[in-house]
Each structure stands twice: as structure tokens, then as C-alpha cells.
Amino acid sequence: MIWYLAAIIVGYGLGSIPFGLLLTRVAGLGDIRDIGSGNIGATNVLRTGRKDLALATLLLDSFKAGLAVLLMATLSGQRNVGLIAGAVAFLGHCYPIWLGFKGGKGVATYAGLLAFASPLALAVGAPIWLGLFALTRISSLAALTAAAIVPFGAYLLGETQFATATLFALSVLVFWTHRENIKRLLSGTEPKFGSKSK
């Protein structure tokens with residue numbers, strides 16, 4: 001039980017670091033929450049015109065979940081503890097206490113968790129995201145489709161029930177954080193990548 005408590009604390013602490021906000025402030029670009037969608041993730045950072053900062057945000061937001069997984073799985077010797085740490089890092093990214101529980105949408109953080117905790121799931125999700133994004137240029141559609149398929153695909157490839165259940169819960173949360181995007185997708189108003197729209 002102590003390891004799971006530690007996983008929650010470490011995972012949330014790492015996940016709640018708002019790299020997009022910190023990087024743009026250090027670069028003298030002001031508060032990223034005041035532009036575009038108001039989101040702290042890499043997609044909104046890209047709207048500043050700084051591709052380098054957007055890439056750094058993407059990598060750091062991914063790695064913080066991966067680090068939580070790696071650190072806690074190694075220290076505890078239990079893969080499931082690492083999974084919980086990564087899952088809570090996702091929650092920390094989406095709902096950071098430092099920002100009034102208003103964070104990012106979690107896609108990069110989810111990907112980082114998959115890379116370190118479930119390569120099987122990453123093998124399912126990455127091609128789907130890349131292929132659909134290349135076809136549509138709509139990031140949210142690619143992310144939502146990948147999130148919907150990842151748990152089931154991973155399970156069919158032999159992932160454990162615990163990991164599958166964890167991934168399913170995170171995929172549901174991805175849909176929740178993208179609820180406004182879903183409304184725009186249904187109405188045909190969701191912008192494509194590179195658009196100045198929200």
C-alpha cells in the first residue's frame with residue numbers, strides 16, 4: 001500500500017509541472033493561457049510561433065509521465081505501481097493544483113506513459129494517431145481515435161487486465177478533456193492543424 005501512496009504523490013507532483021506555461025514565460029512570451037485555446041499543452045504553445053518551445057513542451061509533457069512510471073516501477077519492483085504513477089501523472093497534468101486544476105488535455109502525457117509502461121499499447125496507438133493526423137490534419141480527431149482503440153488493441157496483443165483497465169480509464173478521461181473538441185468535431189467546426197482558430 002505504501003508504494004501505491006508514493007506512486008500517487010510522485011506521479012501527481014511530476015505530472016502537475018506545467019512545462020508549456022513555464023517555457024513560454026521564460027522565453028518572454030507571457031502567459032500561454034491568454035492566447036489561442038488557453039491550454040498549456042504543446043499545440044497551444046505552437047500558436048506562439050515558437051516551434052522549438054512547442055517541441056520541448058511535447059517532449060517534457062511526455063517524459064514526466066514516463067519518468068513517474070520508470071521511477072516508481074524501479075523503486076518498488078512492481079510494474080503496476082509504475083502504471084499508477086503514470087496514470088496519476090496524467091491527472092496531474094490535466095488538473096494541476098498550482099493552476100487551479102486547469103491544465104492540459106493529456107495526450108502527450110498519455111503517450112509518455114504508454115512509451116514507458118505499455119509498449120504494446122503504444123504500438124497500437126502511435127500508428128493510428130500518425131496516420132489519421134496525416135490524413136485529416138485534425139489533432140483532436142487523431143488523439144480521440146487512438147485513445148478509443150488503445151485499450152482494446154493492447155488487450156488483444158496480450159496486455160494485462162490491470163494495465164488494460166488503467167488505459168481504459170485514461171482513454172475515458174481523454175474524451176472528457178476533449179469534450180469541447182468533440183462538440184466542434186460533430187458540428188464540423190474543429191480547426192485543422194495550423195489554423196488560428198481555437
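This is a predicted model: local features need pLDDT of at least 70, side-chain atom pairs count only at pLDDT 80 or more; totals for chains, interfaces and linings use all residues.
Helices, at least four residues of H or I, and strands, at least two of E, are DSSP runs numbered from the N terminus.

Residues are numbered from 1 along each chain as its sequence is written, and side-chain values use heavy atoms, leaving out hydrogens and water.

A pocket here is an open set of points on a 1 Å grid where a 1.4 Å probe fits, with protein on both sides within 12 Å along at least five of seven lines; lining residues have an atom within 4 Å of a point. The second largest pocket has a volume of about 420 Å³. Its lining has 19 residues, and the closest to the centre are Ser37, Asn39, Gly103, Lys105 and Thr177. Two elements give two or more residues to this lining: H9 and helix H10 (179–187). Which gives the most? H10, with 4 residues.

Now the rings. There are 4 aromatic pairs in the structure, a pair being rings of Phe, Tyr or Trp (its six-membered ring) with centres within 6.5 Å; planes under 30 degrees apart are stacked, over 60 edge-to-face, the rest tilted. One of them joins Phe63 and Phe116, edge-to-face, 5.9 Å centre to centre and 65° between the planes. Phe63 is in helix H4 (residues 51–76) and Phe116 in helix H6 (residues 107–117), so this pair ties together parts 53 residues apart in sequence.

How values were computed: Grid points are joined across faces, edges and corners, and a volume is the space filled by probe spheres set on the points.
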